[in-house]
Amino acid sequence: MTARLGADAARLAYGDRLADYGDASGNLAAIGAMWAEVLGIDPIPADLVALMMVGLKLVRASGRNNRDDLVDAVAYLMLADDIREGTD
């Protein structure tokens, strides 16, 4: 089950979402810049935006039994790791 979750997350992060939204690092950086404007703070780095999205997905997952939230959370963790490792 866990291996399938990781495989599904990788397919989502590096397949479907990449095709839909383009480069994750740039997209997450743009989200961080927008959130920063709303909050009146310095831009939020892309890796931290990805981690914040993990938190959002975990909160959603805690309130219902929806596998998609878990897949999304793992995908965001993968993206955060890629950004920190400089591979995205």
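Student: So what share of the contacts with a separation of 6 or more comes from residues 24 or more positions apart?
Tutor: This is a predicted model, and in it residues 24 or more positions apart account for 56% of the contacts in the chain that have a separation of 6 or more.

Student: And which elements is the chain built from, going from the N terminus on?
Tutor: The elements run α-α-α-α from the N terminus, with 4 helices and 0 strands in the chain. The radius of gyration is 13 Å, close to the 12 Å that the globule rule gives for 88 residues, so the chain is as compact as a globular protein of that length.

Student: How far does the C-alpha trace span along its principal axes, and what percentage of the residues count as buried?
Tutor: The C-alpha trace spans about 40 × 30 × 25 Å along those axes, and 33% of the 88 residues count as buried.

Student: Switching topic, at what angle do helix 3 and helix 4 pack?
Tutor: Helix 3, residues 46–62, packs against helix 4, residues 67–85, at an angle of about 165°, and their axes are 8 Å apart. Because angles over 145 degrees count as roughly antiparallel, helix 3 is roughly antiparallel to helix 4.

Student: Is the crossing left-handed or right-handed, and which residues make the contact?
Tutor: Helix 3 passes helix 4 in a left-handed crossing. The residues making the contact include Leu-48, Leu-51, Val-54 and Lys-57 of helix 3, and Leu-70, Ala-73, Tyr-76 and Arg-84 of helix 4.

Key
Residues numbered from 1 in each chain as written. Predicted model: local features only at pLDDT ≥ 70, side-chain atom pairs only at ≥ 80, totals over all residues. Heavy atoms only, no water. Axes fitted to C-alpha atoms, helices over the stretch in contact; angles between N-to-C directions. Helix = DSSP H or I, 4+ residues; strand = E, 2+ residues; numbered from the N terminus. Parallel < 35°, antiparallel > 145°, perpendicular 65-115°, else oblique. Left-handed = near helix turned anticlockwise from the far one by under 90°. Contact = heavy atoms within 4.5 Å. Rg over C-alpha atoms; globule rule 2.2 N^0.38 Å. Buried < 20%, exposed > 50% of the residue type's maximum accessible area, 1.4 Å probe, protein only.
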